[in-house]
Amino acid sequence: HWLIDVLRTWFFDTVNTHHELSEKFKSIISQGGQRIVVVIDDLERLPSDQVCDVVRFIKANGDLPGVVYLVLSDETYLSSAIMKMIPNVKNSHIDSGREYLEKIFPFRLEVPPINPMILQRFVKEHVTEVLNEYGLNDKVKEIDVDNEISHFVVTMRDAKCIVNGFV
């Protein structure tokens with residue numbers, strides 16, 4: 001499995017199965033006696049099967065004392081991936097991938113989307129700055145950021161991609 005390969009490369013060179021990975025992880029955690037925060041970001045960038053591998057790993061190790069998982073991701077995508085890939089969710093009393101996730105992640109904090117006006121301002125300011133740096137001040141007036149670009153900006157990631165395209 002890809003998750004085992006990645007963790008073996010980074011930390012555990014003798015791990016070959018999910019069970020061995022869990023046992024090794026538990027052994028390391030129990031020796032430290034400290035709190036550990038495992039931050040997992042951008043799961044929506046992974047294919048569904050890999051999302052499910054990560055969720056299964058968290059489920060298997062979620063009760064370790066002193067370990068907290070902070071998962072930053074698009075809940076809709078995770079829910080959809082769970083429904084596609086985990087057979088016992090499709091065929092059980094659980095109605096959705098979201099319900100499955102609620103059992104694994106009992107506390108959820110929803111971050112509201114950024115105001116579109118703030119994103120538009122960010123893009124406009126940074127595009128203008130980049131064009132000015134390259135002496136293209138006259139091009140700033142030709143590019144109508146509000147009407148030509150802003151409808152592509154939904155998230156901060158979109159805004160940064162557009163700005164980076166001008167660099």
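View 1. The model is predicted: local features need pLDDT of at least 70, side-chain atom pairs count only at pLDDT 80 or more, and totals for chains, interfaces and linings use all residues. Residues are numbered from 1 along each chain as its sequence is written, and side-chain values use heavy atoms, with hydrogens and water left out. The patch consists of Val37, Val39, Val68, Leu70 and Leu72, which together have about 400 Å² of accessible area (Shrake-Rupley method, 1.4 Å probe; for residues, only the protein chains shown count as cover). Patch residues have over 30% relative accessible area and no salt bridge, with nonpolar side chains (Val, Leu, Ile, Met, Phe, Trp, Tyr) joined within 5 Å and like charges within 9 Å. A salt bridge is a side-chain nitrogen of Lys or Arg within 4 Å of a carboxyl oxygen of Asp or Glu. E2 gives the most, three residues. Leucine 72 belongs to E2 and counts as partly exposed because its relative accessibility is 38% (buried is under 20% relative accessible area, exposed over 50%, partly exposed in between; 1.4 Å probe, protein chains only).

View 2. Aspartate 42 sits in the loop between E1 and helix H3 (48–61). Although not a glycine, aspartate 42 has a positive phi of about 65°. Serine 48 is part of H3 and is buried, at 11% relative accessible area.

View 3. H7 (residues 116–133) has 18 residues and spans 26 Å from first to last C-alpha, close to the 26 Å expected at 1.5 Å a residue (1.5 Å times one less than the number of residues). Leu119, Val123, Val127, Val130 and Leu131 are its buried residues. Down the helix axis they fall within an arc of 95°, so they line one face of H7 (the arc is that of directions from the axis to the C-beta atoms). The face turned away from the buried side carries exposed Met117 and Glu133.

**View 4. The ends of H7.** Asparagine 115 caps the N-terminal end, with a side-chain oxygen 2.7 Å from the backbone nitrogen of methionine 117. Glycine 135, with a positive phi near 70°, follows H7.

Definitions and conventions
Helices (H or I, at least four residues) and strands (E, at least two) are DSSP runs, numbered from the N terminus. A polar contact is a pair of N or O atoms within 3.5 Å; within protein, one must be able to donate a hydrogen and the other to accept it, and residues adjacent in sequence count only if both atoms are side-chain atoms.
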